[in-house]
Amino acid sequence: MTHEVSLAVLERDGRWLLQLRDDIEGILFPGHWGLFGGHLNAGETPFQAVNRELVEEINWAPENLLVPWFSNHSSTLVAHVFRGPLCVSLGQLQLLEGQDMTLATMEELASGAIWSPRLREFRPIAPGLDIVLQRQLSDTD
């Protein structure tokens with residue numbers, strides 16, 4: 001069975017907004033940094049899903065429409081990646097899902113581990129985030 005997710009690359013001052021996933025057994029990549037977003041509900045479009053997930057996870061709806069960037073297909077997952085500007089400060093967001101959030105530079109993302117201000121430790125990035133980083137690098141070449 002193939003699952004579909006919609007993810008948001010939200011950018012502010014050259015940094016990407018990341019979510020530190022909860023340390024809950026049974027979820028995908030617990031304790032790893034990833035993008036905000038999640039699974040599509042039945043009958044939902046990828047665009048509807050990414051906007052719903054942003055409200056559910058950080059209580060924020062983008063003023064400007066997120067732009068579809070690319071989709072990645074594997075045998076079990078289709079990931080729809082959207083991007084757009086984060087036009088508010090972190091302080092204006094309310095973290096409703098996950099342990100922490102931060103804005104990370106490309107250099108920090110490339111290092112494979114990001115500092116969590118809340119937990120006061122480095123945590124790894126989710127393996128799927130590598131696909132998004134590779135796409136970013138290929139788009140800037």
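1. Start with helix α1, residues 46-58. This helix has 13 residues and reaches 18 Å from its first C-alpha to its last, close to the 18 Å expected at 1.5 Å a residue. Keep in mind throughout that the model is predicted.

2. Which residues of α1 are buried? They are A49, V50, R52, E53, L54, E57 and I58. Note that the list holds R52, E53 and E57 as well as A49, V50, L54 and I58. An α-helix has 3.6 residues a turn, so residues three or four places apart point the same way. Compare that spacing with the list as you turn the model.

3. What do these buried residues pack against? The partners are five strands: β1 (3-12), β2 (15-20), β4 (36-39), β6 (77-85) and β7 (100-104). Just after α1 comes N59, which takes a positive phi of about 55 degrees.

4. Stay with the helix for its charged side chains. E56 and R52 meet in a salt bridge, at 3.1 Å from N to O. Both residues lie in α1, 4 residues apart, which is about one turn of the helix. Are the two partners buried or partly exposed? E56 has a relative accessible area of 38%, so it is partly exposed. R52 has 18%, so it counts as buried; the cut-off for buried is under 20%.

5. E44, R52, E53 and E56 are linked in a network of salt bridges. In the whole structure there are 8 salt bridges. Side chains of opposite charge can pair when their charged atoms come close.

6. Now turn to β6. Of its 9 residues, 7 are buried, so the strand is largely enclosed by the rest of the structure. β6 pairs with β1 in the parallel sense, over 9 bridges. E4 stands opposite V78 of β6.

7. β6 also pairs with β5, residues 67-73. Here the strands run antiparallel, and 6 bridges join them. V78 in β6 is the bridge partner of H73. How many residues lie between β5 and β6 in their hairpin? There are 3 residues between them. Find V78 in the model and you can trace both pairings: E4 stands opposite V78, and H73 has V78 as its bridge partner.

8. The side chains of R83 and E11 meet at 2.8 Å, N to O. R83 is in strand β6 and E11 in strand β1, 72 residues apart, and the pair links distant parts of the chain. R83 is buried, with a relative accessible area of 18%. E11, at 26%, counts as partly exposed.

9. Another salt bridge joins D23 and R123, at 3.1 Å from N to O. Why does this pair tie together separate parts of the sequence? D23 lies in the loop between β2 and β3 and R123 in strand β9 (residues 121-124), so the pair ties together parts that are 100 residues apart in sequence. D23 is partly exposed at 48% relative accessible area. R123 is buried at 15%.

10. D100 deserves a separate look. This residue is in strand β7. D100 is buried yet has no salt bridge. The nearest side chain of opposite charge is R118, 4.5 Å away.

11. What surrounds D100? Not counting residues up to four places away in sequence, D100 touches L18, Q19, L20, W33, L95, S116, P117, R118 and L119.

12. Finish with I27, in the loop between β2 and β3 (33-34). I27 counts as partly exposed, at 30% relative accessibility. Which residues does I27 contact, leaving aside its neighbours within four places in sequence? They are R21 and D22. The C-alpha atoms of I27 and L10 are separated by 23 Å, with the two residues 17 residues apart along the chain.

How values were computed. Residues are numbered from 1 along each chain as its sequence is written. This is a predicted model: local features need pLDDT of at least 70, side-chain atom pairs count only at pLDDT 80 or more; totals for chains, interfaces and linings use all residues. Side-chain values use heavy atoms; hydrogens and water are left out. Helices (H or I, at least four residues) and strands (E, at least two) are DSSP runs, numbered from the N terminus. The expected span of a helix is 1.5 Å times one less than its number of residues. Buried means under 20% relative accessible area, exposed over 50%, partly exposed in between (1.4 Å probe, protein chains only). Contact means heavy atoms within 4.5 Å. Lys and Arg count as positive and Asp and Glu as negative; His and the chain ends are not counted. A salt bridge is a side-chain nitrogen of Lys or Arg within 4 Å of a carboxyl oxygen of Asp or Glu. Two strands pair if DSSP finds at least two bridges between them.
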